[in-house]
Amino acid sequence: MTGRVTKPGRALRRLLAPLAAHAILIAATAVMLLPLAWMVSTSLKQSGIGLSRGIEWLPWRDAWTNGKETVDVMVLGARVAPGDGGEAVEVGIKSLASRRRFTTVYVPEGAFEAEIEAWRIRPLTGEDETAEARWAPFASVRRRVAPEWGNYREALEKMRFWVCLANTLAITFLGTAGTILSCSLVAYGFARFRFPGNNVLFLVLLSSMMLPSVVTMIPVYLLFRELHWIDTLLPLFSRRGSRSTRLPCSCSASTT
Amino acid sequence: MSKKRVREAASGYLFIAPWVAGFTLFTLGPMAASAILSFCRYDPSAVHGTLEWVGLANYARMFTGDPLFWKSLSVTLRYSLISIPLQLSGGLALALLLNRHVRGIALYRTAFYLPMVLGGVAISLLWLWLFSPSQGLINIGLAKIFDFLGQDSACAHLLAWPLQAVFGKADADSLLPGWISSERGALNSLILMSCWTLGGSMIVNLAGLQAIPKTYYEAAEIDGAGRWTRFWRITIPLLSPTIFFNLVMGVIGSFQVFTQGLIMTAGGPNNSTCFYVLNTYRNAFEFFRMGYASALAWFLFVIILSLTLLVVRSSSLWVFYEAQRR
């Protein structure tokens, strides 16, 4: 009998191995997805804020309230100003509706450093009653998560989204249809028929894929200019159908 | 030739006619035209679109009269020399990581492939934000880490030093890397960015890995082969056609790198990311030196063709095809 099967620690290893695999995979996935998540997060933020407030993954929005009215604001900055009872912090805010800028003063009690992170005000949460009480006499800036869905509406309107989408769809459908049609025809031709020069032509086809597009870019541009095809969609349909990298795949598929 | 053979040949030609037509019109014709143009001076923006035969002057100018040609060539070579091995090894490592049976593996694979569905322009714009020295996610995150460690602590400097050695400095007295805004770091940042789209070569490698029969590993294990031996004696040889494919595509692709240079850095700072194709594009469509740009394009074709041939020729030494066992 070999000692392998009864080796102590083997059961433990069998238990830990998938856990370690998951840990590595999750860490690597996080790194890969972080930029994408950041893009989504930024797309839901108020414009103009960007990263001026540091890294915020959720679309926080500040609202100034004095107990009677509540206004959506953007916090511009804060500075320490000498106040009556020691140091106070003057915070500049901008109303998002009226674009009016105004300042509001916070008189902190106790350790103020913890309340201020760089020049940014720490959010006042509803649960933190003491903090609210401390700041309430003057005014308070409350933070809440409010995705700016309007960004998407704005993008749709500003970039003529539907026109662009129609163009892309037209190119995709016609181009793919052309590719499938011509590639299967040509692949069938190369695979099933013998004709003089079929090997040479097939080699030419393969080597043409190696050709950098810059080589033909200039004459093709000049050609389309002569045809008055510049600023039209015509070149995109004709080129995708005629010169495709999918060809060898369908060729080999039909030969085997 | 018998009547049947003639009919067969005619059908064959008919079937490949779409490719012949497209190839002649959009590849062969333009190839010939660009070959001729490379011996000419041609400025289509001029009023009378002058086309003038200048012989080998364009090629002579490339090698003797244009420092940007040498600069762009060295930038592209550096990019390729670093990014191709990174792509190959990274793609293989990812594929090995994802080629196991754990719960939810399909989700992980999707996550790694997801960046591939974004287009080159979208990826460039996204990383443009991420790389911003003062406003970018990466540098703000790093700044937090440095704050945590203490700006003057040895730890912070130890972390900052290698980063700044590779990715440049944001400011003279800053610990943060400058990424694409520094001359030293711009190219390396673009190489780092290219690793984000490893999903493409990962998928190909993964398909290759899954085509390797399990029995080989079982047989080797019975013979007492360890993990390392199994990797080098089974995985690598049987995956070599896939690696070969990735290498060829990597050479062809990385020598034509263009979008990042145009959108993210505009070739700068100080031409440190002025890729060869970007330089060609600018000569053609910004300075309207169509003849000179054609000469540049042909030189690139010669480089890519010879490198590809070199790889293909060398393949008999290191690529192992199971079907043709010797």
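Buried means under 20% relative accessible area and exposed means over 50%, with partly exposed in between. A:Leu156 has 34% relative accessibility, so A:Leu156 counts as partly exposed. Please keep in mind that this is a predicted model.

**Chain A at a glance**

- Chain A contains 8 helices and 7 strands.
- Buried residues make up 34% of the 256 residues in chain A.
- Take the contacts in chain A between residues at least 6 apart in sequence: 46% of these join residues at least 24 apart.

**A nonpolar patch on chain A**

- A:Leu156, A:Trp162, A:Leu165, A:Leu169 and A:Phe173 make a nonpolar surface patch of about 520 Å².
- Helix H4 of chain A, spanning residues 161–192, gives the most to this patch, with 4 residues.
- A:Leu156 has its place in helix H3 of chain A, which covers residues 150–158.

**A positive patch with residues from both chains**

- A:Arg10, A:Arg13, A:Arg14, B:Arg100 and B:Arg227 form a positive surface patch.
- The largest share of this patch is 3 residues, and that share comes from helix H1 of chain A, residues 10–43.
- A:Arg14 sits in helix H1 of chain A. Its relative accessible area is 63%, so A:Arg14 is exposed, the cut-off for that class being over 50%.

**Salt bridges**

- Side chains of opposite charge can pair when their charged atoms come close.
- How many salt bridges does a search of the whole structure find over all chains? The search gives 4.
- One of them joins the side chains of B:Arg41 and B:Glu52, at 3.4 Å from N to O. This pair links distant parts of the chain, with B:Arg41 in strand S1 (residues 40–42) and B:Glu52 in strand S2 (residues 51–53) of chain B, 11 residues apart. B:Glu52 is partly exposed, at a relative accessible area of 40%.
- B:Arg230 and B:Glu221 also meet through their side chains in a salt bridge, at 4.0 Å from N to O. B:Arg230 counts as buried because its relative accessibility is 18%, while B:Glu221, at 41%, counts as partly exposed.
- B:Arg282 and B:Glu286 form a salt bridge with an N to O distance of 3.8 Å. Here B:Arg282 is buried at 16% relative accessibility, and B:Glu286 is partly exposed at 43%.

**Positive phi angles in chain B**

- B:Trp179 is not a glycine, yet its phi is positive, at about 50°. B:Trp179 lies in the loop between helix H7 (154–167) and helix H8 (186–194) of chain B.
- Is B:Trp179 buried or exposed? B:Trp179 counts as buried, because its relative accessibility is 3%.
- B:Ala266 likewise has a positive phi of about 50° without being a glycine. The loop holding B:Ala266 runs between helix H12 (259–265) and helix H13 (276–285) of chain B.
- With 44% relative accessibility, B:Ala266 counts as partly exposed.

**Helix H8 of chain B and what covers it**

- H8(B) is mostly covered, with 8 of its 9 residues buried.
- Among the buried residues of H8(B) are B:Leu187, B:Leu190, B:Ile191 and B:Met193, as well as B:Asn188 and B:Ser189.
- The cover over these buried residues includes helix H3 (67–98), helix H5 (120–131), H7 and H12 of chain B.

- B:Ile263 is placed in helix H12 of chain B, and at 27% relative accessibility B:Ile263 counts as partly exposed.
- The C-alpha atoms of B:Ile263 and B:Gly120 are separated by 9.6 Å, although these residues are 143 residues apart along the chain.
- Which residues does B:Ile263 touch, not counting residues up to four places away in sequence? B:Ile263 touches B:Val121, B:Ser124, B:Leu125 and B:Leu128.

Methods. Residues numbered from 1 in each chain as written. Chains lettered and ligands numbered in written order. Predicted model: local features only at pLDDT ≥ 70, side-chain atom pairs only at ≥ 80, totals over all residues. Heavy atoms only, no water. Patch = residues over 30% accessible without salt bridge, like charges linked within 9 Å, V, L, I, M, F, W, Y side chains within 5 Å. Areas by Shrake-Rupley, 256 points an atom, 1.4 Å probe, with all protein chains shown as cover. Lys, Arg positive; Asp, Glu negative; His and termini not counted. Charge placed at Lys NZ, Arg CZ, Asp CG, Glu CD. Helix = DSSP H or I, 4+ residues; strand = E, 2+ residues; numbered from the N terminus. Buried < 20%, exposed > 50% of the residue type's maximum accessible area, 1.4 Å probe, protein only. Contact = heavy atoms within 4.5 Å.
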